[in-house]
Amino acid sequence: MAENENGPLFETRPVKGRFVFKLFVVSVAVGIGFICAYRLWFLPVASGKLHGWAWIGLFLCELWFSFYWFLTVICRWNPVYRFPYKNRLSQSYEKETLPGVDIFVCTADPSAEPPLMVMNTVLSVMAYDYPPEKINIYLSDDGASDFTFYAMLEASSFSKQWLPFCRKLKVEPRSPEAYFKTAIEPDNHDPVKLKHWLSIKKLYEEAKMRIETSRKMKKIPEDIRKQHKGFREWDFVTSKNDHQTILQILIDGRDPNAVDIEGNVLPTLVYLAREKRPQYHHHFKAGAMNALIRVSARISNGPIVLNVDCDMYSNDSDSIKDSLCVFMDHENGHEIAFVQYPQAFHNLTKNDLYGNSCRVFRKLEFPGFDANGGPCYIGTGCFHRRDALCGKKYDQTCKVDWKRLNHRRVEESASVLEATCKVLASCSFEQNSPWGKEMGLKYGCPVEDIISGLSIQCRGWKSIFLDPGRESFLGIAPTTLSTMLIQHKRWAEGHFQIFLSRYCTLLYGHNRIPLQLQLCYCLGNLWAANCLPTLYYVLVPCLCLLRDIPLFPKISSPWVLPFAYVSIAHRAYSLGEFLWCGCTFQAWCNEQRMWLFKRTTSYFFAFFDTVLKLLGYSKSAFVITPKLAMLNLFGIFGVVKKLASGADHRELPDRFGLQILLCLLLVALNWPVYKAMFYRKDKGRMPASVTYKSIIYALLVSTLTL
Ligand SMILES: O=c1ccn([C@@H]2O[C@H](COP(=O)(O)OP(=O)(O)O[C@H]3O[C@H](CO)[C@@H](O)[C@H](O)[C@H]3O)[C@@H](O)[C@H]2O)c(=O)[nH]1
Ligand SMILES: [Mn+2]
């Protein structure tokens, strides 16, 4: 088949209903204008210093919120969705021209990331609907665990059955665990099929059993250790932070004997635990990725690189083809450095208690980034062009001849490759080299993905966000409040660090990426900075309520209207957006609560840790306590007390209406916290010591201000 020019390989369509959105934006902007006018006009110059300062502080917060809201508007202005056409890909390119794809899976800790889960992720990416001789999988094991190595060995033998099974039955998803959890047995009209199905299921269960028992016994049985020479490497491993490079090619796709039960070629599978020594910094995931980039370049050198976290299995066997539609598009493909898929999770509770679903990111913010110049790289579910990842600048010569790219063939045997590649993953290899700076992923930032993606874009490349209906990758979201808050602390800290560094998008991105994209990046980079105005808004109006200082217009004054309109419209819009993205009302309420928790804890600690580090002080500890929640409750008690004492009965609700409402709202948001403190008896109960401490703290603050 000759190259056929029947249209682009992917299409771009704007999100509908943007006119209404723009109208809404204008109305809120007018409301904000009125609020500013009120703040300036009624500045309480005569009624005491404290009142004046509280007022100015509140005004500054409102200015900040308006600016941040403006950023969210920029991000939502013109979102676009992309639609790849897989069938046109096969019409435009012969099978031989399709590029090789190197798939990097990262794991770091066999107890937090069980080997069985890693095996499932690896099997799901081995089973992509793509010529298997063009797929190469590299597992990076920063935990240097022989259990993980053993799980890879099981994966390599089970794949011989699993891949033909997936092809024949068009299995979806292709992670065996996820598939067998939900799949229904085929009915017995077709006994051959049923028998096949049951036998595969049994094989999987057996492999799972072996892996799990070896974990339980904390030892890999001797007869299994004899099966592969690779296990002998662990004789030299002292700890996960002090060992030589372990590199084992478990399946060599070029080997004529490496075939599945139907005689088809198998994808190459490589296990790598890069060298670790206490005297060298290993740079976490970025270090692992850079070692993988170098090793894979020697072994298979696929022009396309897919990166997934080990907890994120492929849920759609067509993703490689979908993303190639972007890279190989005749018009625009050559300028695309990476194709990012959304993060989605398979372990969310119905109403998403901890606000992890990321659906608004997925449906609006990423498409908004995309329209403004390209999504950021979020570390998983991302297809890269190898050259761009390695530091190449974009220019017109980047138009590749895919046919020529596939010409190169490695001649050395697997054992020679194993021996010669080890040095590429050694600690000293990167010394005095551009790796971690101009080449590969950048070091030194807790969100290595964001900063690396940004610098790729600043080298002139574009990126694309793909979300073709079905979730392409499914991972595991944090399952407790504290892990969620800690994860967000790390993210907020990394982002804020970028903002305060020379990579601040507004400076570094200037003249390199569009202004809208710089502002989109600020949305995340300034997460941490939100904590101060939020804390102020949560605390000061409640405290002022206890001290009889009014900070908002009277309920009977017309000035209350802009305040009411902006706050109600803003929240109503957020609810509408949430429902439009397919979430429930309850999930929105949970998200609001998490939003407050994140801003007053994770972002707060992230903010101070970043600033302290910048000033050269060491780390502070991360503690989360529900003190603030108590303060809001006290504010309300104060009001009730005043009402009860009967002094200025009628005037109080009018003068302090908005402040009381704000406090009530915060109390409502914090409801589950009070429940955990005073009411719950199960294991979700707050420890008594925490409860007492926060009561004392809140009492102290409120009496000090009285
Ligand atoms: O020394 C390390 C530490 C971590 N990892 C791997 O990195 C991935 C992400 O780590 P995790 O602890 O799960 O962090 P998350 O906060 O869940 O990760 C999100 O945020 C990270 C930082 O932005 C991104 O790198 C991830 O892709 C993204 O899923 C996992 O596969 C780990 O196995 C390593 O390979 N080596
Ligand atoms: Mn993770």
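Predicted model: local features only at pLDDT ≥ 70, side-chain atom pairs only at ≥ 80, totals over all residues.
Me: OK, so at what angle do H2 and H18 pack?
Reply: Helix H2, residues 49-76, packs against helix H18, residues 515-525, at an angle of about 125°, and their axes are 9 Å apart. H2 and H18 are therefore oblique to each other, and their crossing is left-handed.

Me: Which residues meet there?
Reply: On the H2 side they are Leu 71, Thr 72, Ile 74 and Cys 75, and these meet Gln 516, Leu 519, Cys 520, Cys 522 and Leu 523 in H18. By type, the residues of this contact between H2 and H18 divide into 7 nonpolar, 2 polar and no charged.

Me: And H16 with H22, how do they cross?
Reply: The axes of helix H16 (residues 481-500) and helix H22 (residues 602-614) come within 8 Å and cross at roughly 40°. That makes H16 oblique to H22, and the crossing of H16 and H22 is right-handed.

Me: What sits in that contact?
Reply: From H16, the residues include Leu 485, His 488, Lys 489, Ala 492 and Phe 496, while those they meet in H22 include Tyr 603, Phe 605, Phe 607, Asp 609 and Leu 614. The contact of H16 with H22 divides into 9 nonpolar, 4 polar and 3 charged residues.

Me: Stepping back, how many helices and strands are there?
Reply: The secondary structure of the protein chain comes to 26 helices and 12 strands. Of its 706 residues, 43% count as buried, and among contacts between residues at least 6 apart in sequence, 85% join residues at least 24 apart.

Me: What order do the strands of the sheet take?
Reply: The open sheet is formed by 8 strands in the order E5-E6-E4-E3-E7-E10-E9-E11, and the pairing is mixed. At its edges are strand E5 (246-251) and strand E11 (462-465), each of which pairs on one side only, and the twist averages 20° from one strand to the next.

Me: Which helix packs on it?
Reply: Helix H10 (residues 319-327) packs on the sheet and touches strand E3 (101-107), strand E7 (304-309), strand E9 (336-340), strand E10 (382-385) and E11, with a direction that makes about 150° with that of E9.

Me: Let's zoom in on E4. How many bridges join it to E6?
Reply: Strand E4 (residues 135-141) is joined to E6 by 5 bridges, and the two run parallel; in this pairing Ile 137 stands opposite Leu 269 in E6. With E3, strand E4 pairs in the parallel sense over 7 bridges, and there Phe 104 stands opposite Tyr 138 in E4.

Me: Is E4 enclosed by the rest of the structure or open, and why?
Reply: Because 7 of the 7 residues of E4 are buried, the strand is largely enclosed by the rest of the structure. In a regular strand the side chains alternate between the two faces of the sheet. Both faces of E4 are covered, with Ile 135, Ile 137, Leu 139 and Asp 141 buried on one side and Asn 136, Tyr 138 and Ser 140 buried on the other.

Me: New topic, which peptide bond is cis?
Reply: The peptide bond from Glu 172 to Pro 173 is cis, with omega near -5°. Pro 173 is placed in the loop between helix H5 (146-169) and helix H6 (176-182).

Me: Lys 218 has a positive phi; where is it, and is it buried or exposed?
Reply: Its phi is about 60° although Lys 218 is not a glycine, and it is found in the loop between helix H7 (191-217) and helix H8 (222-225). Lys 218 is exposed, with 7 other C-beta atoms within 10 Å.

Me: And His 283, buried or exposed?
Reply: His 283 is buried, with 20 other C-beta atoms within 10 Å. Its phi is near 60°, a positive value in a residue other than glycine, and His 283 lies in the loop between strand E6 (268-273) and helix H9 (284-299).

Me: Last one, what is Pro 468 in contact with?
Reply: Leaving aside its neighbours within four places in sequence, Pro 468 is in contact with Pro 84 and Asp 322. The C-alpha atoms of Pro 468 and Pro 84 are separated by 7.6 Å, although the two residues are 384 residues apart along the chain. Pro 468 is in the loop between E11 and strand E12 (473-474), and it counts as partly exposed, with 19 C-beta neighbours inside 10 Å.

Methods: Residues numbered from 1 in each chain as written. Chains lettered and ligands numbered in written order. Axes fitted to C-alpha atoms, helices over the stretch in contact; angles between N-to-C directions. Helix = DSSP H or I, 4+ residues; strand = E, 2+ residues; numbered from the N terminus. Parallel < 35°, antiparallel > 145°, perpendicular 65-115°, else oblique. Left-handed = near helix turned anticlockwise from the far one by under 90°. Contact = placed C-beta atoms within 7 Å. Nonpolar A, V, L, I, M, F, W, Y, C, P; charged D, E, K, R; others polar. Buried ≥ 20, exposed ≤ 12 C-beta atoms within 10 Å, placed from the backbone. Pairing = 2+ DSSP bridges.
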